[in-house]
Structure formats: C-alpha cells, structure tokens
Amino acid sequence: MILGSAANPLRVAVIGSGPSGFYAADFYLKQTELVIYVDMFDRLPTPYGLVRGGVAPDHAKIKTVTKQYDKIAANPRFRFFGTVELGKAIDHADLAAHYHQIVYATGAQTDRAMGIPGEALSGSYPATEFVGWYNAHPDYRDLQFDLTQERAVVVGNGNVAMDVARILASSYEELVKTDIADYALEALKNSRIREIYVVGRRGPLQAAFTNPEIKELGELQECDLIIPPEEVQLDPLSQAALATAEKTARVNVEIMQKYAQQAPSGKKKQIIFRFLASPTELVGTEHVEAVKLVKNVLTQNDDGSLRPKATDQTEILPCGLIFRSIGYKGVALPDVPFDAKGGVIPNQKGRVVDAQQCVINGEYVAGWIKRGPSGIIGTNRPDSVETVESALADMRDGKTLTPTNTSADAIPALLDSRGVDYTTYADWQALDQAEIERGAAQGRPRVKFSRISEMLDVIREKRAIKS
C-alpha cells in the first residue's frame, strides 16, 4: 500500500505543543495530496508551550496567536495528548512502533549559566524560573523569590531580560489587568524592590531587545527609566557599524539616547541601564549581597563582528537579587541525539543526525531545540516548514520508520493500559473556559490553574458533566 494514502496514512508524532510543534502539524495537514494524521504530545495537560508559560502576562496581543493553533487542532486528523511525557508515559521505542515520523519540538527549557563564583548563592536565579513562576507554570509555581530586597540586577539585554525588569517594576494596577499568576500578583504587590539594574556585556547598538520592549520600560506608571548619557555614547567601532546595522538596532539606540536626555520624574521605582559590563562574581556568604562587574571594551573579530573584552576596571554593585538572562538552552530527550554544548538536537535541515553526522531515518526536529533560542514566535513557521519539507521528501524516498502498529486506537489503548490519564484538546478547551470564568469573577482576563493536580480535577469534573 502506498504510504500517505487513505488505506495507509502517514502517521506523525509531534513531541511538544509550542509554536514550532503547531506549525509543523499545520504544514503536514495542509498536504492535500496525502493523507496524514498528526498526534501531538506534551508533558503538561495544557498546550502552547512558551506562549502560555513564557510570554509576559502584559503582552496579551502576542498570545492571540493561539487562535491559529486552535484552528489547526480542529482538524479531524489532529489529536492532542497532554500529560504524556517522553521517557515516562511513553518512550522512544513506543513512538517508533506506532509512527512513521517523529518531530521533536520541545524548545529550550532552561537558562545558560554565567559560570562565575557565587552563582549558586540564595537570591541568584535563572530568568526562566522567574518567568515560569509569574506565568503559573506548574514547574515553578512553588518557588519563592526574595522580594524584600530593594535592588535587583538583571543580567542580559534580550527581550526576556526586559520582561523580567518590567514585571519587577510594574504597578499592581498594571499587573491586575493581566493573566499573571494570582500568587505572583500578590507577591509583587508587596515587593520592596525599588531599583532594577539591567546589565549588558556589550554596547547599546548590540542590545538584543526589540523597539517595543525598550519603549514599554519608559511608559511604566511607577517607574522611571534611567539611562546615563555615557552608557549610550557609542564607542568608535559601534559608531562605524551604525550605518550598516539592522534597523531595530539603530532605532534602539535612538530611543535610548532620547531617554538619556530626560530627567527622572521622581517615580518610586527606577530601571537603570548599564552597558559594556559583565558579572565576574556574586558576592555574599549565604545570600547574594553584591555583584562584581568588570568593564568591557568592544573588539572586532576577523569576520567583522564585535565582541566584548574585559579590562582591568571593576566595581562592586550591591544587590540582593539577581536574574541571569543570557540565553535559553535545550534539554536532552531520552534516546535522542543531543549536542550538549549547543543545547540542541543535531540536525541537517531538520533531519536528526547522530554523532557521526549520519541521518537517522524518520526523526526530525523543529524550533529552538533545532536551531537554538533565536527569533520570535513567527520565526518558527518557516523553520518548521523546512523540517516538514525534509520529512516529506524522505517519505517519498521511502526513508521512514517502520512501525508495527499504526492503528488509530493503538496509542490511546497503550496509554490506558499504563494508567496514563492523558488530556485531549477538548479537555484543554474546558480548562481554558474555566480559567476565563475564574478571571471574569475577579475582573481579570483569566486566572490560571498552576498545579497539574488542580487542572486534572477540573478536567475530570468537566468530563463527568458531559457524560
């Protein structure tokens, strides 16, 4: 029987339900000349990945992208299996026995470490933990952050660093309008933080945040954005690179130089920018008491790129809380090749390769776990399309996995036999509605459930009402 026909449909497993996973599913399902069924798996009961657990709560417009994913999930040839973790509920051998192709789309789940003395002190955190905490991610909801401190330092100047600084500096009135976790809303309401330093190792032209992110910092109700004029004075190499820099970088510099000319208005909080500075040590006995910074200068590589070089100038900046936001990093999956240094699954145009760079038939990768943590949500669409195009070309060449049971009932039966109470997309929609109803009762867009046990209780209750 021809693979991809009604009698012998192509069966695909997508591991991960973030943007890259949904875009991969979408492109598969758009192949009108083929019959393809896509099963999506996630270890959480809920879909959307970082759109739910990573996008800042005050960026509601960005989250509307989930409406596209709902349309994809409505396809009768799509199924969602939540609360199914690879390596626990199912393993690699199970997937190979039931699917012709597997697409890993698990994203980048942790932060890169700074690798400096004192990094493990209390009061030092990866940004991912704080972001997950205020977004009600079940993995992080029980964390405690010492918001009794008056000064925090955010290391990094990408969009996530901007989000962390902005959430720390936002007023209760600004946060209560969002879907921020209810416990985080209360904790931040009582926060004593008054100064947030944002420290970048390179100069203002090399800042990785986008124009809207820097503008938002200057529009907060209770916080002044302080950019000392000397911090945005371009060094000679940056000045030479300005004309050919990307528009976003040039506009960032213009915005920051404008803010640098403004006097503080006397708001009770301040965000203070520092450039060309790198942490070399966190100082303290048991808790962070200060960060040691080294002054950098920019040097030019042979390829023309600019990189920071430490000088002999150092300073001690007292602080009681520090968040590192210097890049996300992927996590290895059981029985799947992994490049620990790059934090990605090694691949060639989405085709998973082993340590000898040999392609592994039928296994693919998309999104941040494929290319590293770069780009915005929309960047994942062409990335996923490239992967699926590789997969479809391989299918036509007969290069797929050789499953022994491709029955539509096989995976549900397997999970049932193992006592896995998996969630469906209909279950998620019921939970989604319950969160919205909780929010409406408080005049908020939604109040998220943050414990898996709570989510499953609601889902079971909704199932019981339907039956």
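Predicted model: local features only at pLDDT ≥ 70, side-chain atom pairs only at ≥ 80, totals over all residues.
## Ground rules

Local features here need pLDDT of at least 70 and side-chain atom pairs count only at pLDDT 80 or more, while totals for chains, interfaces and linings use all residues. Residues are numbered from 1 along each chain as its sequence is written, and side-chain values use heavy atoms, leaving out hydrogens and water.

## The sheet

Let's start with the open sheet, where six strands run in the order β6-β14-β7-β8-β10-β9 with parallel pairing. Strands are DSSP runs of E with at least two residues, helices are runs of H or I with at least four, and both are numbered from the N terminus; two strands pair if DSSP finds at least two bridges between them.

At the edges sit β6 (124-126) and β9 (223-226), each pairing on one side only. β6 pairs with β14 (residues 321-324) over three bridges in the parallel sense, and S124 stands opposite I322 in β14.

## Salt bridges

The structure holds 30 salt bridges, each a side-chain nitrogen of Lys or Arg within 4 Å of a carboxyl oxygen of Asp or Glu. One of them joins R43 and D139, with the closest N and O atoms 2.4 Å apart. R43 lies in the loop between β2 (36-41) and α2 (50-53), and D139 in the loop between α6 (127-134) and β7 (151-155), 96 residues apart.

Another bridge brings R463 and D427 together at 2.8 Å, N to O. R463 belongs to helix α17 (residues 452-466) and D427 to helix α16 (residues 425-441), 36 residues apart. D427 is buried at 8% relative accessible area, whereas R463 is partly exposed at 29%; buried means under 20%, exposed over 50%, and partly exposed in between (1.4 Å probe, protein chains only).
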